[in-house]
Amino acid sequence: MSESARSYQKVFYTLRPAKQVERRMILEVLQRLHGGGFSILDYQYTGFGSIYFVDFILFHRYLGIKKLLCAEHDTGIKKRMKFNKPYKVVDIKMNNIGSIIPNLDSNIKHILWLDYDTVLNSDIASDINLAAYKLPKGSILLVTVDVKPPSGREGPKEWMEYFKTEAERYFEYNWEEQDFSQSALPEVNYHIINNAIKDGITGRPKVRFIQLFNFSYADGHPMVTMGGIIGTEVELNKVKSCNFSNIDFIRRDHKDPPYEISVPRLTRKECLYLDRHMPCSDSWSPSDFELDPDEILNYRSIYRYYPLYAELFV
């Protein structure tokens, strides 16, 4: 099975600031795609909700999507999944995503988020490839993987051997041991995901992958998310008509470096103070408290998406 066992016990999904920033950035792009001719509210969203259903709540509330399918492979939490289901319109399938993808309705467009919290393996690569092959034109595919070194492997040589085994035909023929330093693993994962997608659309006439996202972030573990549209020249022209001029995290070219989401640790009071000066100039700094210049610039780039948490005493 592709998904990690009991991942909801390891990660409190609602309190991941960098992940929340990523979600909100993706939401904004989907809203702009809707304005550019993609009828997003008629799409079906399929993803891994776990017991928290964070993405499902956001996509229903802010995009108006009414077709939502949650895939969960852990049959041991079936009642808990049903209990925590946030809306009647959320359908739950207690099965792994690889068994669900072939049965997705081919008559509608989809947003499919393969949001893994594990290191890329052969099952994940197969799921990505299958999604690229099966999703109807105009659908949106997002893939997230953990890019920490594979467990039980030590050093670039063993990491290279791991990915060569797990990625198989998606492994770059010219990769060598020096390409597998720990700092290079995000790029390795990105290329494997991209190769799996390209292989999946091979044989689909005039179909291409129109990339929109390439994120890098960490809420404990380093993660990468890449995504875009399975489409043709029609979808490409629609994308070109969308106004992305003031969104600096869009990544249309696979040669561009990933957009790194870095969330500074700030108090609520500091955030409110900074917000009053956003967007600030490159040289601006707060006069009432100390803050590293890099943190100021990081906050400037994400302040509209920055999540604020508070504890409510009742």
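This is a predicted model: local features need pLDDT of at least 70, side-chain atom pairs count only at pLDDT 80 or more; totals for chains, interfaces and linings use all residues.
Colleague: Which elements give two or more residues to the lining of the largest pocket?

Modeller: By class, that lining has 3 polar, 4 charged and 9 nonpolar residues. The elements that contribute two or more residues to the largest pocket are α1 (17–35) and α2 (54–63).

Colleague: And how many nonpolar residues are in the lining of the second largest pocket?

Modeller: The second largest pocket has a volume of about 280 Å³. Around it stand 17 residues, with P17, V263, P264, Y306 and Y309 nearest its centre. Two or more lining residues come from each of α1, β6 and α9 (268–275). Divided by class, the lining has 2 polar, 3 charged and, to your question, 12 nonpolar.

Colleague: Turning to the sheet, which are its edge strands?

Modeller: The sheet is open, with mixed pairing, and its 8 strands run in the order β3-β2-β1-β4-β5-β7-β6-β8. An edge strand here pairs on one side only, which picks out β3 (90–93) and β8 (259–260).

Colleague: Which residue stands opposite Y259 in β8?

Modeller: Strand β8 pairs with β6 (residues 208–219) in the parallel sense, over 2 bridges. Opposite Y259 stands F215.

Colleague: What angle does the direction of helix α5 make with that of β4?

Modeller: Helix α5 (residues 122–134) packs on the sheet, where it touches β4 (110–119), β5 (139–146) and β7 (221–231). Its direction and that of β4 make an angle of about 170°.

Note on methods: Residues are numbered from 1 along each chain as its sequence is written. Side-chain values use heavy atoms; hydrogens and water are left out. Two strands pair if DSSP finds at least two bridges between them. Helices (H or I, at least four residues) and strands (E, at least two) are DSSP runs, numbered from the N terminus. Contact means heavy atoms within 4.5 Å. Axes are lines fitted to C-alpha atoms, for helices over the stretch in contact, and angles run from 0 to 180 degrees between N-to-C directions. Ala, Val, Leu, Ile, Met, Phe, Trp, Tyr, Cys and Pro count as nonpolar, Asp, Glu, Lys and Arg as charged, and the others, Gly among them, as polar. On a 1 Å grid over the protein atoms alone, a cavity is a set of points where a 1.4 Å probe fits but cannot get out, and a pocket is an open set with protein on both sides within 12 Å along at least five of seven lines; lining residues have an atom within 4 Å of a point. Grid points are joined across faces, edges and corners, and a volume is the space filled by probe spheres set on the points.
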